[in-house]
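Visitor: I am new to this structure and would like to be taken through it step by step.
Guide: Please have a look at it, and then ask what you wish.

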Amino acid sequence: MRPPILLLKEGTEDSQGKSQLLSNITACQAVVEAIRTTLGPRGMDKLIVDSRGTATISNDGATIMKISDIIHPAAKILVDIAKSQDAEVGDGTTSVVLLAGEFLKQVKPYVEEGVHPRIIIKALRKGLKIAQDRIDQIAYKMKFNNDEEYRTFLQKCAATALNSKLIHQEKDFFSKIAVDAVLLLDELLPLNMIGIKKVQGGGLQDSQLITGVSFKKTFSYAGFEMQPKHYKSPKIALLNIELELKAERSNAEVRVNTVEEFQKVVDTEWNILYEKLEHIYKSGAQVVLSKLPIGDVATQYFADRDMFCAGRVVDEDLKRTMKACGGVIVATTYDLNDSVLGKCEYFEEKQIGGDRFNIFSGCPNAKACTIILRGGGEHLLDETERSLHDAIMIVRRTVKNDSIVAGGGAIEMELSKVLRDYSRSIAGKEQLIVAAIAKSLEIIPRQLCDNAGFDATNILNKLRQKHAQGGEAFGVDINREHVVDNFENCVWEPVIIKKNALAAAIEAACLVLSVDQTIKNPKSGGGEEQQGRGRGRPM
């Protein structure tokens, strides 16, 4: 009798074949069940408490998936596609996870019956190509006679994205802010030039968009009150220098024999500081910003010369100021001249809520803006920021690609009809898989109805009838529990959302189906069992 051959380390979990594939599909379905109820304007919110006890309230698919500590390797694929959809497009994160889970759910019976996963994958990819071709056919490219029409169109796209958020009652207000913010940027539409700051207190309607760079006032020493708070056309020095007297960072030892020698050391330190301050003053800068602290001596020095200073400025804010106002962040005060100083038309310090903000407006180099959000609680402000981020991403994508389709489940029903018709024209096992994809696409309108408390079967039957008669824009009417032409109803979604979501969902489903063996290595040693009683450790 031959001895058994051990290939894997003892304790390694090795599962293969049909059973582990079905197990992976079941795990993905469990993830879908967790976020299913967050879809659409009537979606519910989730309260998630992480390991540190921080509570998050959100109905954003990507946020829920990121915070949820999912450990199943196959289910993590759905987390990845939600993240990629959020990064690429900004919206449709719940839809993409729902679609991927539904594709797997519908093909699961065929896997159980022994259909080879490669046949299923081939049919899924064919279905994706047909669906994307149909989206291109029915996509409507908007034409505008003036800027006002263009702005209204963008606001409607942003409002559609905000419909399903916690702040949907203020969607008109925030969609206007999102559109104004994006249109203030230059041609590349850099997202990092839109700053979002949160100030507790006030109502959502007190939120405002500031043209230019703005950040919260930093910690300041005595003497700050004497500094001017308004400047016209100031020069701005951006520094990475510490302007205060303190112990050296390196461990240095100085031995002195007399009091005079000690005094010389102290005087030298003061002279070095005053020399730095004099260089800054002579450069002509009126506003001094530094990443490192600016001490009380320097603050008083600048105040005496009618200069404004702020130390410990956050790196992101300092870089945004540099990009908007020009200039360079320097690490020395020598050679400070106009070529490294920034400029803006107007600088002011303003009280907003309980905080003071430094505001730079009329920035010459890059177009930048800052959105200051107001609201009652921390959780509301966090969710408002996430919702606004989604709306801004949608507007950015729509500016670059202004083709749209009807939302509210209309495009999914149309694609379902096209794929069902196609499945009847082909033979073999692929016919069953394509029909399963067609059925899977109905999950979006069905879930919209379920979350709103409607009779999903009744609404879907009406939608199938309308689409069979050529009504390709008919979707769910959330307000009247009926079906409606969502194109005329101004429920619009950029084509890129739908194409990206479909492609990501199909790829995720193919990835799960293509796995035929799962090997889980045992955790490395050093666990709690091996911890002995060390010094000072109780029994």
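Visitor: What distance separates the centres of domain 1 and domain 3?
Guide: This is a predicted model, and the chain in it is divided into domain 1 (13-141 + 405-520), domain 2 (147-207) and domain 3 (212-365). Taken over C-alpha atoms, the separation between the centres of domain 1 and domain 3 is 53 Å.

Visitor: Which element of the chain has the highest mean pLDDT?
Guide: For the chain the mean pLDDT is 85, with 93% of its residues at 70 or more. Among the elements, strand E1 (residues 13-16) has the lowest mean, 70, while the highest, 93, belongs to helix H12 (residues 410-423).

Visitor: Over which residues is the pLDDT below 50, and how should such a part be read?
Guide: Where pLDDT is low, the predicted coordinates should not be read in detail.

Visitor: How many residues of the contact of H6 with H7 are charged?
Guide: The crossing of H6 and H7 is right-handed, and H6 contributes Tyr150, Arg151, Leu154, Gln155, Ala158, Ala159 and Leu162 to the contact. From H7 come Lys171, Phe174, Ser175, Lys176, Val179, Asp180 and Leu183. Sorted by kind, the residues of this contact are eight nonpolar and two polar, and the number of charged ones is four.

Visitor: Is the crossing of H5 and H12 left-handed or right-handed?
Guide: Helix H5 (residues 117-138) packs with H12 at an angle of about 125°, their axes lying 10 Å apart, and the two helices are therefore oblique to each other. As for its hand, the crossing of H5 and H12 is right-handed.

Visitor: How many residues of the contact of H5 with H12 are nonpolar?
Guide: On the side of H5 the contact is made by Lys126, Gly127, Ile130, Ala131, Arg134, Ile135 and Ile138, and on the side of H12 by Ile411, Glu414, Leu415, Val418, Leu419 and Tyr422. One residue of this contact is polar and three are charged, while the nonpolar ones number nine.

Notes: Residues numbered from 1 in each chain as written. Predicted model: local features only at pLDDT ≥ 70, side-chain atom pairs only at ≥ 80, totals over all residues. Heavy atoms only, no water. pLDDT = per-residue confidence, 0-100. Helix = DSSP H or I, 4+ residues; strand = E, 2+ residues; numbered from the N terminus. Domains from an automatic or database assignment. Left-handed = near helix turned anticlockwise from the far one by under 90°. Contact = heavy atoms within 4.5 Å. Nonpolar A, V, L, I, M, F, W, Y, C, P; charged D, E, K, R; others polar. Axes fitted to C-alpha atoms, helices over the stretch in contact; angles between N-to-C directions. Parallel < 35°, antiparallel > 145°, perpendicular 65-115°, else oblique.
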